[in-house]
Amino acid sequence: MKLYDGGVYLVNGRDIVEEGQMSQPVSKEEARKNTIAYGILESHNTSGNMQKLQIKFDKLTSHDITFVGIIQTARASGLERFPVPYVLTNCHNSLCAVGGTINEDDHMFGLTCAKKYGGVYVPPHQAVIHQYAREMLAEGGKMILGSDSHTRYGALGTMAMGEGGGELVKQLLSQTYDINMPGVVAVYLKGEPRPGVGPQDVALAIIGEVFANGYVKNKVMEFVGPGVAGLSADFRIGIDVMTTETTCLSSIWQTDEKIEEFYEIHGRKESYRALQPGGTAYYDGCVEVDLSQIKPMIAMPFHPSNTYTIDEVNENLGDILADVEKKALVSLDGKVDFSLKEKVVDGKLYVDQGIIAGCAGGGFENICAAADILKGASIGADAFTLSVYPASTPIYMELAKNGVLADLLATGAVVKTAFCGPCFGAGDTPANNAFSIRHTTRNFPNREGSKIQNGQISSVALMDARSIAATAANKGFLTSAETYEGAYTNQKYFFDRTIYENRIFDSKGAADPDVEIQFGPNIKDWPAMPELAENLVLKVVSEIHDPVTTTDELIPSGETSSYRSNPLGLAEFTLSRKDPAYVGRAKEIQKAQKAIEEGSCPVEAVPELEAVLKTVNDQFPEIGKGNLGVGSTIFAVKPGDGSAREQAASCQKVLGGWANVANEYATKRYRSNLINWGMLPFVIPEGELPFQNGDYLLFPGIRKAVAEKEESITGYAVKPEGLKEFTVTLGELTDDEREIILKGCLINYNRSKR
């Protein structure tokens with residue numbers, strides 16, 4: 001694999017020419033327009049300025065962890081009907097097993113909202129969000145916005161993006177998605193995968209090369225080159241969905257007759273569009289991938305970029321496990337004892353669990369290939385278990401018809417319905433200290449469902465379904481699929497949409513305002529949120545120095561899912577795995593802001609503020625009653641990797657958070673979530689911090705600084721000896737984003753416009 005140092009030209013879709021080496025120089029500006037990405041973005045841009053995009057999407061999609069909060073926000077902002085097709089899938093809170101009636105109440109909320117506002121409702125166990133979108137929503141040259149970070153349909157010619165709920169709210173209110181024109185990086189594929197190598201192997205190899213160096217961060221990955229033609233539609237989809245783990249903005253692929261066949265199989269041939277880069281296209285970078293050189297891969301705990309070949313792990317077991325344990329000391333803060341060395345049995349790594357599931361692993365070809373490897377074998381009667389989750393009911397039905405389902409069950413594997421639970425910790429949680437291999441999307445700490453706050457730890461490695469099957473056939477000992485010498489049957493897929501026609505509610509875009517929304521006792525409105533004050537005093541209530549902080553660490557997945565429709569209930573879990581004292585500290589200082597809003601003295605609510613405000617007033621005597629906001633902030637080196645869940649920001653907000661302070665933000669979507677919830681996305685240069693956890697920070701004139709677009713903002717750490725000055729920036733903000741922050745949140749912003 002090769003990463004080019006600078007930009008490249010792609011000539012006739014095949015030849016890479018590095019910048020400065022064109023025999024006949026071509027204007028870079030004109031050649032940029034010949035990328036597939038440029039054409040799609042241009043056709044969806046409403047600003048008239050291709051450097052400052054204002055995008056309107058063709059379709060929207062959400063699942064049952066996110067759609068309640070999105071619709072509640074949109075309703076509070078004046079929603080009357082869904083202006084574009086909006087699909088509400090139910091693939092996360094599917095089990096209805098935690099919290100009494102909570103989950104099914106959310107589902108009924110979704111169904112009645114689909115009727116009232118003119119949407120589509122997909123009941124639990126029918127399909128995971130992204131498989132339904134591939135089967136029923138994707139169209140060549142179109143754009144889809146989803147409230148799940150793995151919203152990626154580029155292999156089918158659809159540019160799709162995963163964002164926090166606030167961005168979907170904007171689309172529901174006929175507003176726009178505002179971004180600068182992103183860079184476009186070519187992912188140039190050549191060669192063909194060797195037997196036993198699957199899409200997850202290719203994806204992990206790419207992630208391992210580009211994540212840490214930020215090569216594609218917030219850019220569009222455009223898959224081109226002669227190697228694309230040799231990949232099936234399912235194989236391309238399996239690579240594409242994992243591009244989220246590179247921190248790219250979106251993805252798009254050149255399309256051909258195999259993608260046309262995909263649409264034809266799904267009864268939507270008219271949705272196909274041939275997409276190819278122009279004769280000479282310019283890219284801001286290039287990842288050159290020789291598919292024939294990729295071997296079966298594994299991403300060891302606790303990140304998809306912690307990649308090795310499976311052969312490397314087996315050959316250097318002691319060294320690699322020691323390195324994983326060393327990295328775990330950072331990820332786990334030393335809160336639990338973690339070791340994989342006890343998994344070594346007679347020099348081989350024993351695995352406790354295998355999972356093939358969800359939007360990454362649950363595809364038809366992955367499951368059929370796994371069944372080929374396992375046919376006639378047994379997973380054994382020891383600790384090792386294997387669970388398979390087809391990504392949709394149509395896939396499940398076809399596996400039943402062609403005999404693959406029976407083949408899998410005969411091995412001792414368990415085949416379950418479409419469900420995202422294993423991916424985010426709501427199903428198949430391993431035993432304490434267990435090691436799971438999964439063809440899913442992420443392997444962050446505790447994402448598999450263990451609770452570090454309860455002294456539990458288990459871990460996940462990501463692998464392709466083929467090598468998971470080879471491991472299962474070897475009774476749980478880590479094995480590469482390259483050891484399989486048998487044939488692959490390459491089963492043909494037949495899509496039957498009958499089950500969808502029988503079970504899915506599709507309004508066909510017709511809203512019925514007379515429908516009453518069905519609420520449950522857990523579904524709560526967002527609490528009132530104040531506007532940004534003239535001056536802010538913020539208490540630092542958490543300080544995180546991990547190299548990267550994931551969304552899962554900011555607001556845990558899994559056990560919190562049942563509270564996604566209850567802002568205050570969910571907020572109780574904020575940072576519970578990373579800093580269990582956070583919630584108490586945040587709520588304590590929030591009392592001061594509540595006192596201000598009630599016309600009382602904040603010092604009476606939080607007595608320690610008396611000394612703080614005295615120090616502030618020594619230098620800024622004008623700061624006080626009527627012009628002061630008080631709340632909390634956190635510091636993290638690089639927060640927001642992973643999920644698009646807006647709750648990572650909204651939970652801080654409802655607990656009185658006014659800002660994050662970071663050296664950089666891991667993803668655009670997390671920064672957008674902060675902004676949409678009225679929180680200041682402060683950036684502070686790397687180096688020694690001028691404050692520490694528990695300190696108070698003063699930002700005088702902060703409202704004026706935001707409104708007047710000041711490039712740098714002066715803050716002060718309030719110390720016993722006086723104020724210690726430091727500087728932060730906010731980065732680029734659109735006028736609307738500034739107004740959202742000034743108003744206090746997106747809800748307030750939209751109410752003011754009404």
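At 34% relative accessibility, Lys-587 counts as partly exposed, the term for values between buried (under 20% relative accessible area) and exposed (over 50%), computed with a 1.4 Å probe on protein chains only. The structure is a predicted model, in which local features need pLDDT of at least 70 and side-chain atom pairs count only at pLDDT 80 or more, whereas totals for chains, interfaces and linings use all residues. Residues are numbered from 1 along each chain as its sequence is written, and side-chain values use heavy atoms, with hydrogens and water left out.

Side chains of opposite charge can pair when their charged atoms come close. Lys-587 takes part in such a pair, a salt bridge with Glu-572 whose N to O distance is 2.7 Å; the term denotes a side-chain nitrogen of Lys or Arg within 4 Å of a carboxyl oxygen of Asp or Glu. This pair connects distant parts of the chain, since Glu-572 lies in the loop between α20 (567-571) and α21 (582-597), while Lys-587, 15 residues away, belongs to helix α21. Helices (H or I, at least four residues) and strands (E, at least two) are DSSP runs, numbered from the N terminus. Glu-572 is likewise partly exposed, at a relative accessible area of 41%. A salt bridge of 3.2 Å, N to O, joins the side chains of Arg-585 and Asp-579.

Another salt bridge, between Lys-170 and Glu-167, has its closest N and O atoms 3.1 Å apart. These two residues both lie in helix α6 (residues 165-172), where they are 3 residues apart, about one turn of the helix. Both Lys-170 and Glu-167 are buried. Elsewhere, a network of salt bridges links Arg-194, Lys-295, Asp-311 and Glu-482. The model has 39 salt bridges under the stated rule.

Arg-564, in the loop between α19 (551-554) and α20, is buried yet has no salt bridge. The nearest side chain of opposite charge is that of Asp-552, 6.7 Å away; here Lys and Arg count as positive and Asp and Glu as negative, and His and the chain ends are not counted. The side chain of Arg-564 does reach the backbone oxygen of Pro-556, at 3.1 Å. This is a polar contact, a pair of N or O atoms within 3.5 Å; within protein, one must be able to donate a hydrogen and the other to accept it, and residues adjacent in sequence count only if both atoms are side-chain atoms. Residues up to four places away in sequence being left out, the contacts of Arg-564 include Ile-65, Leu-570, Arg-645 and Gln-647, a contact being heavy atoms within 4.5 Å.

In helix α28 (residues 746-753), the residues Leu-746, Ile-747, Asn-748, Tyr-749 and Asn-750 are buried. The buried residues of α28 pack against α3 (67-76), α6, α25 (668-676) and α27 (735-743).

Grid points are joined across faces, edges and corners, and a volume is the space filled by probe spheres set on the points. The largest pocket holds about 940 Å³ of space. Its lining comprises 36 residues, of which Ser-232, Asp-234, Phe-235, Glu-365 and Asn-490 are the closest to its centre. Helix α13 supplies the largest share of this lining, 6 residues. Seven cavities, or 7 by count, reach 30 Å³ or more, and the largest cavity has a volume of about 250 Å³. Among the 25 residues that line the largest cavity, His-92, Asp-148, His-150, Cys-423 and Arg-447 are the closest to its centre.

Most residues other than glycine have a negative phi, and most peptide bonds are trans. The peptide bond from Pro-301 to Phe-302, however, is cis, with omega near 10°, and Phe-302 lies in the loop between β16 (297-299) and β17 (307-309). Ser-174, though not a glycine, has a positive phi of about 60°; this residue is in the loop between α6 and β10 (177-180).

Key
On a 1 Å grid over the protein atoms alone, a cavity is a set of points where a 1.4 Å probe fits but cannot get out, and a pocket is an open set with protein on both sides within 12 Å along at least five of seven lines; lining residues have an atom within 4 Å of a point.
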